[in-house]
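Dear colleague,

Please find below the structure that I am handing over to you.

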Amino acid sequence: MTLYQELQLNAAGSKALIRNAKTKKEKQRHLFIYVMKVFITLAFCMAVVTAYSIIFGPKNSIAGVVILLSLLVLRAADFGIKTTHGIGVIGLIFGILAAGPRLSNMLPSSWAFIVNGICMFSILILSCHNIIMSNHFTFVLGYLLLLGYDVTGKDYLMRVAALASGALISAMIFYKNQKNRVHKRCFSHLFSEFHLQGARSQWYIKFALGVSSVLLIASLLGLPRAMWAGIATMSTLLPFEKDSVYRIKRRLPFNVVGGLLFLGLYYILPEGIYANLGLVGGIGVGFSAGYSCQTMFNTFGALVAGANLFGPAGAVALRIVCNGLGAGYSYIFDKGFRFIFGWLSCRLCPDAN
């Protein structure tokens with residue numbers, strides 16, 4: 001395996017190489033490359049977000065995060081359709097990201113629920129034809145981040161410009177890396193292959209309704225960071241029940257652990273280092289291969305921003321409440337959806353059962 005190939009591995013792949021190394025020298029080489037990869041990735045992430053913050057304003061640094069997520073995914077993943085058609089999909093997705101969150105924040109909660117549901121369903125249709133790729137994590141997460149860090153006026157115009165540039169860069173990287181892949185499916189197949197009897201199509205509906213409805217509940221409860229509940233539900237409402245249960249069991253406990261660890265560092269470290277706790281979390285995520293540790297370290301970045309608004313203890317408490325709501329709701333909604341959809345299928349299509 002070449003250096004470049006090894007740098008493309010995820011944390012689990014790198015750890016497997018280190019674990020299976022036959023000599024001490026080989027293990028040290030794999031370990032060095034793994035550490036180097038984490039810090040190169042982190043440096044690249046910081047550079048992209050910083051650049052977008054400088055060019056489009058500090059309130060639009062979150063647009064840099066969304067574009068960064070897109071680049072990291074689209075360099076390796078496709079949409080299961082012809083590459084040239086995939087470029088159009090990228091444009092449509094970024095259009096949704098530019099318009100959907102802003103429109104949702106302008107409307108009352110009930111109408112926002114409808115807008116969020118339609119936007120998330122559209123993102124799934126466009127990006128998640130091959131559910132194994134898990135492209136929806138990237139784009140729905142981007143939607144939720146933009147929803148939670150909304151802007152207006154001139155800042156919004158700059159955000160649209162930032163997302164437009166991100167769509168262009170993403171399309172260029174996507175085409176460069178995916179142009180030699182051959183797919184028989186085209187754009188129209190994303191819609192023609194949707195049918196209510198299909199497991200994938202049912203999951204589209206369940207996911208969009210689940211995430212948008214938990215946002216509605218969090219909004220009606222007056223939770224300041226409703227997007228955290230949405231992200232928790234997004235992360236746990238998976239196509240396969242076994243995977244969902246696995247994540248649901250770990251979402252809240254490891255958010256608690258991450259919150260407590262954040263608090264400990266916050267009160268122990270000098271005040272000037274507080275802003276760097278997000279960086280610590282990023283390093284932790286880079287070295288984490290499993291969902292549990294990733295969940296724990298992912299809390300850091302969110303809590304750094306939350307601590308400025310609610311204080312460190314308040315941010316941790318709010319984070320725990322939102323993640324408990326999101327994960328718990330995901331379990332209940334999944335059970336309810338399966339029961340109701342199964343009942344409707346029996347009533348509407350008795351011959352199919």
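Where is Leu196 found? Leu196 sits in the loop between helix 9 (189–192) and helix 10; helices are DSSP runs of H or I with at least four residues, numbered from the N terminus.

Before going further, please note that this is a predicted model, in which local features need pLDDT of at least 70, side-chain atom pairs count only at pLDDT 80 or more, and totals for chains, interfaces and linings use all residues. Residues are numbered from 1 along each chain as its sequence is written, and side-chain values use heavy atoms, with hydrogens and water left out.

Leu196 counts as partly exposed because its relative accessibility is 45%; buried means under 20% relative accessible area, exposed over 50%, and partly exposed in between, with a 1.4 Å probe and protein chains only. Leaving aside neighbours within four places in sequence, Leu196 is in contact with Gln202, Ile205 and Phe341, where contact means heavy atoms within 4.5 Å. Leu196 and Phe341 are 145 residues apart in sequence, yet their C-alpha atoms are 9.6 Å apart in space.

Thr233, in helix 11 (residues 226–236), counts as buried because its relative accessibility is 0%. A polar atom of the Thr233 side chain lies 3.0 Å from the backbone oxygen of Gly326. Not counting residues up to four places away in sequence, Thr233 touches Gly210, Val211, Val214, Gly326, Tyr329 and Ser330.

In soluble globular proteins, nonpolar side chains tend to be buried together. Here the largest nonpolar core has 68 residues, and Phe79, Leu97 and Phe207 are among those with the most contacts inside it. A nonpolar core is a set of buried Ala, Val, Leu, Ile, Met, Phe, Trp, Tyr and Cys residues joined through side-chain atoms within 4.5 Å. Helix 10 (residues 199–220) gives the most to this core, with nine residues. A second, separate core of 10 residues includes Phe262, Leu263, Phe300 and Val316.

Which residues line the largest cavity? They are Leu97, Ala98, Pro101, Arg102, Leu146, Asp150, Tyr156, Arg159 and Leu163. A cavity is a set of points on a 1 Å grid over the protein atoms alone where a 1.4 Å probe fits but cannot get out, and lining residues have an atom within 4 Å of a point. Helix 5 gives the most to this lining, with four residues.

Yours sincerely

Technical notes
1 Å grid on protein atoms, 1.4 Å probe; cavity = no way out; pocket = protein on both sides within 12 Å on 5 of 7 lines; lining within 4 Å. Helix = DSSP H or I, 4+ residues; strand = E, 2+ residues; numbered from the N terminus. Polar contact = N/O pair within 3.5 Å; in protein donor to acceptor, adjacent residues only side chain to side chain.
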